[in-house]
Amino acid sequence: MAMLSVKNLGISFGGLRAVDSFSITIEKGELYGLIGPNGAGKTTTFNLLTGVYKPDTGKMFLDGVDITGKNTIEINKAGIARTFQNIRLFKNMSVLDNVKIGLHNNYSYSTAAGILRLPSFFKSERQMNERAHDILSVFNLDQDANLLSANLPYGKQRKLEIARALATNPKLLLLDEPAAGMNPSETEELMETITLIRKKYDVTILLIEHDMKLVSGICEKIYVLNFGTELANGLPQDVLNNPEVIKAYLGE
Amino acid sequence: MKMKPAKQVSNSTRSNLITIGAIIIVYIICQIMIANGSISNLMKGLLIPLCYYSIMAVSLNLTVGILGELSLGHAGFMCIGAFASAFFSKVTVDTIPNVFIRFTLAILIGALAAALLGSLIGTVVLRLRGDYLAIVTLAFNEIIKNVMNVLYIGVDSEGVHFSIKDAASLNLEEGGQTIVNGPRGITGTPKDATFGIAILLLILTFIIIINLVNSRSGRAIMAIRDNRIAAESMGIDITKFKILAFTISASLAGVAGVLYSHNISTLIATQKNFGYNMSIMILVFVVLGGIGNLRGSIIAAVVLTLLPEYLRFMQDYRMIIYAIVLIVMMIFNWNPKCIAWRKNHSIKGYLAMLFNKQKKEA
Amino acid sequence: MSFISYVIRGISLGSVYSIIALGYTMVYGIAKMLNFAHGDVIMIGGFIIFTIMSTMGLNPLIAVIVAIILCTLLGITIERIAYKPLRKAPSLAVLITAIGVSYFLQNFALLIFGADTKSFTSVINVPDLKLAGGNLTIAGETLVTIPLCIIIMIALTTFVKKSKTGRGMVAVSEDRDAAILMGVNVNRTIAITFAIGSALAAVASALMFSSYPSLSSASGAMPGIKAFVAAVFGGIGSIPGAMIGGILLGIIEILGRAYISSQLADAIVFFVLILVLLIKPTGILGKQIQEKV
């Protein structure tokens, strides 16, 4: 069964059809790229998939479960986690605590247990710390665990966002321009990290990216969006050589 | 590099222990001074108020600093806690002669009443944001205060009677007792609050909030403050944790109210003690002590309560001076020019300069 | 008949709230700050008029004009000394400063004018109007207040829409940075906003204390809060919103006082505010702002 199956998803803002009949099928374990010129509706698509916006047409299924019309919190619990194009870290919290927020729903002890420092508090906290350090070490961030997240350099902030999203234990991970603002060597490192987390955490990935080196380097399939509609969809070599796609990117 | 962050964390635990230690030391010093009579009557009368103002400030900091929502109605919860517990103590003063049991129950009842009201108001208002939330909490505060002034509650053998008209319409039978008497409030509450209990409650409040902040729920609350949209995308139930924080904050204000009502003989809800003026005064403590800084809240509450008292020799000018201090402090803290000046003239900076000079000479 | 007379009194009180609310709503729209001291400017205005009329025995019109001038200067001075240095500070810092200014004005008045409540002499010398064969009496103060409020609204709306300064105000309230790029002098615009708000506060004080003559250092605070409630009610930042909110609030207050409970009148006003905000979180005429993800 497909991990994500979306049929004819669409939304309008006022008179503008921002996304129209977006359909995609992502198999379990696949790494899909979502590309398109600026303003094509890529981030809007992510907002639809994560319940920030409610679609006015279409259906979406995650691992066979209908998640159409669910809100952001329910969709995260169902198994979709995301990062943001404009970084949205919890700035006044430590790097470790950012990841522990991601772990929030995977561990449960009551508020009272936390205030009264009952044994369940210490047990869960110890496990959360271990797991959080585990995830941070994959991103080479464990030595920064107690820094304030706002004090991290830009590249590390982007990585922390991915780490935090992974901590929610998602089936599907949505990355919104993970390499934005990174230099070539950082991008190179990021590509390796993404490859690594796919294996280690058994997660399916859909990513938005402008860096064609990254897209053609690691994506197994590519979906091209232009003016809110599908321009091409398929294997990288087919899509990137498609004359329509080249026209959309380079102009006439 | 690897050691430094670890040190930061132990520092914060240590700093909390220092705060608690300092409170205990101050308590011991005060007790010694009371024992040998070297404390003024004015100061002696202020000891319990200093504790409940501190509890108010620390608990409001949970809403303003940790949850990041502006509330101008904190005194309303204090009011509920004060009235609910005073009602209980006055009714049970003969049936529960043991002061310890009675006052413990009174504290729990005050906290519970404020928590119930807090969760109710929180459910209603927390979807509003920023200044709208502020004005609505202020509105609730005024409603609570006004209602307390028209409420009559009496007890007789048949049970509890309510009225919002006058004491006569309670229709109490012979021997029945009017407990809450409209604008005349509750008189004759047993004076069960002591300085020791007040200090203990302050320390408990402090520990409750510190422990909450450093737990799963506390992190969720702070995540909502820092970035609501990201918190939602992490599956954090925004509404639940907002109401949770607001409720805990309210219940602790209720505890402050219990101390208040068991330290005076006549409990009346006025503009000064439970009106928005009080809420604003507590907010001033929180802001001047540092938003999110619990120790700062206590220090600010103590200093700003004592300041006008010790400015009494200046009589009519003292509140004007207080107002000017407030304005000047805000400007000194936040004006870009003042921030730059402080950077250039900080003690640390001078020390560093001195140090560099010595280095060069060496 | 009594119901109609209550409604008329409500509209009259509401007109005063509207005029005060204008000061709040314009300052909030343009400087994005809750000016807690606005109510106390009204109180100062009341004392100025009171002093000129009863101590110096001058004509009420002169007293009101002097009060308008002095309150305008006071508003500009407060803005200059206390708020301007905090233009880029967090809103909570500005709020606390405004509270400080409010404390200052109240205690300053206490020091100068004393703690006893003064009885204000009405500045309005218009005979009461008797209608329906003497069953319905409309106070002279009401006959002046309501038309004056309408005139002020029309004048202010025209000023904001037509004049260069007024359009500058709209620009600053919509997007301060863009307004700077378009050459709008933001500091001057904010100063003018405070000047207008404070001048209106002086007018409001003349009208309010003529109808409700007890004057003390604390008598500005509650009307100030209620006028702010009125501004929120109508949708903060909106001039017609302030008018609608103020008048509704005045009517609710007077009717609540008459038919439900005089002690609970304020509670009723605040209760209705909460209801309105729950149904429409940005007030009756407020604009919804969506956060961008």
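This note goes through a few features of the structure, point by point.

1. Basis. This is a predicted model, in which local features need pLDDT of at least 70 and side-chain atom pairs count only at pLDDT 80 or more, while totals for chains, interfaces and linings use all residues. Residues are numbered from 1 along each chain as its sequence is written, and chains are lettered from A and ligands numbered from 1 in the order in which they are written.

2. Chains A and B. Chain B brings 28 residues to the contact and chain A brings 31 residues; two residues are in contact if their C-beta atoms, placed from the backbone, lie within 7 Å. On the chain B side, two or more residues each come from α1 (3-35), α6 (195-213), α7 (216-226) and α8 (228-233) of chain B. Of these, α7(B) gives the most, with eight residues. Helices (H or I, at least four residues) and strands (E, at least two) are DSSP runs, numbered from the N terminus.

3. The residues of chain B that touch chain A comprise 14 nonpolar, eight polar and six charged. Here Ala, Val, Leu, Ile, Met, Phe, Trp, Tyr, Cys and Pro count as nonpolar, Asp, Glu, Lys and Arg as charged, and the others, Gly among them, as polar.

4. B:Val64. This residue sits in helix α2 (residues 41-66) of chain B. B:Val64 is buried, because 23 other C-beta atoms lie within 10 Å; the cut-offs are 20 or more for buried, 12 or fewer for exposed, and partly exposed in between, with C-beta atoms placed from the backbone. Leaving out residues up to four places away in sequence, B:Val64 touches B:Glu69, B:Leu70, B:Ser71, B:Val286 and B:Ile291.

5. Two helices of chain C. Helix α2 (residues 38-55) and helix α9 (residues 221-234) of chain C pack at an angle of about 135 degrees, with their axes 7 Å apart. Axes are lines fitted to C-alpha atoms, for helices over the stretch in contact, and angles run from 0 to 180 degrees between N-to-C directions. In α2(C), C:His38, C:Gly39, C:Asp40 and C:Ile42 meet C:Ala221, C:Pro223, C:Gly224 and C:Ile225 in α9(C). By class, this contact has four nonpolar, three polar and one charged residues.

6. Positive phi in chain A. A:Glu177, in the loop between β7 (172-176) and α7 (184-201) of chain A, has a phi near 50 degrees. A:Glu177 is buried, with 20 other C-beta atoms within 10 Å. A:Asp202, in the loop between α7 and β8 (204-208) of chain A, has a phi near 55 degrees. A:Asp202 is exposed, with 10 other C-beta atoms within 10 Å.
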